[in-house]
Amino acid sequence: ALDQIRNTHKLWYAVLLAVLVLAFPVSVFLRSRIASFFIARQEPLRVVENLERPLDLVIARAEFLRVSPGVFSAYANVANPNSDWSAWSFDYQFVFKDQAGSVLKTASGQSFMLPGSSRFVAEPRVELSETPASVQFMAVSPRWTKRMPDVVPEFAILQKQWGDSDGKFFVEGSVKNPYSFLVKKVNIDVIIFDSANRSVLAVNRTAADDLEPFEERYFRVLWPVSQQALLSGAFGQVQVSAGVNPLEPGFGLAEDGPLPSR
């Protein structure tokens, strides 16, 4: 090895030294050019800078469910992506369409959304002349506010059970008002999931009006068909929830009203 080094022409040492000296600036130049090339090809990230207006409600999913011949239900999973804006109320529509995209029927209602929350909105019974191909859910005319409720009301569901009665499937129980004041209306929603608790099999709803302080009120919701016809075998969670809109006067939000619709 030493003999090879002695016999190497000095010109090669000069070439090696020149390569070592130039390698660093050349590599820096190439890195900057390559970086500039890829940055120029990259689309800029869109940033929402308008923090004075809320983002639209997000519709995560909308589906229809067959209940019996000519009778259908629909539900949608709605989310509020805003951390400091509440939808005091919003109008919604379930639009049922056929294969050609023509509207068969529209079912309307009203709901609300607290900041950063998500919830199911359901329409239990819609009569249609034919089986729809799809259903579209639209949230319209949201009335936004930055006011927050003093308390988010919670109502206990007691003695929940279900079964068949005269060939009709039912879910029943009782709802209790835990507050020392009358509650004008408590909405009760029922959602039945499949055995994996992933897909919705059936939805229904009812309401308890003028619930007295500390009163416990019985409720029952019915479907027009039996359990076997409605759920076709095994099912999972039967979710029953009761609540009121805490943004309405009576739960600590009696002053400033909502923002006008956008």
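Predicted model: local features only at pLDDT ≥ 70, side-chain atom pairs only at ≥ 80, totals over all residues.
**Entry 1**
Three of them form an open sheet, in the order 10-9-12, and the pairing is antiparallel. I then looked for the edges: strand 10 (200-211) and strand 12 (238-243) each pair on one side only. Neighbouring strands here are turned by 15° against each other on average, ignoring direction.

As a reminder to myself, strands of a sheet pair through backbone hydrogen bonds.

Next I zoomed in on one pair. Strand 9, which covers residues 183-193, runs antiparallel to strand 10 over ten bridges.

**Entry 1: salt bridges**

R143 pairs with D91, with the closest N and O atoms 3.4 Å apart. R143 sits in strand 6 and D91 in strand 3, so this pair ties together parts 52 residues apart in sequence. I checked D91 too: it's partly exposed, at 24% relative accessible area.

Back to strand 10, this time for R205. This residue forms a salt bridge with E123, at 3.6 Å between the closest N and O atoms. E123 belongs to strand 5 (residues 118-127), so the link joins parts 82 residues apart in sequence.

My last pair was R125 with E127, where the closest N and O atoms are 3.1 Å apart. R125 is partly exposed at 47% relative accessibility, and E127 is partly exposed at 46%.

Methods. Residues numbered from 1 in each chain as written. Heavy atoms only, no water. Pairing = 2+ DSSP bridges. Helix = DSSP H or I, 4+ residues; strand = E, 2+ residues; numbered from the N terminus. Axes fitted to C-alpha atoms, helices over the stretch in contact; angles between N-to-C directions. Salt bridge = Lys/Arg side-chain N within 4 Å of Asp/Glu carboxyl O. Buried < 20%, exposed > 50% of the residue type's maximum accessible area, 1.4 Å probe, protein only.
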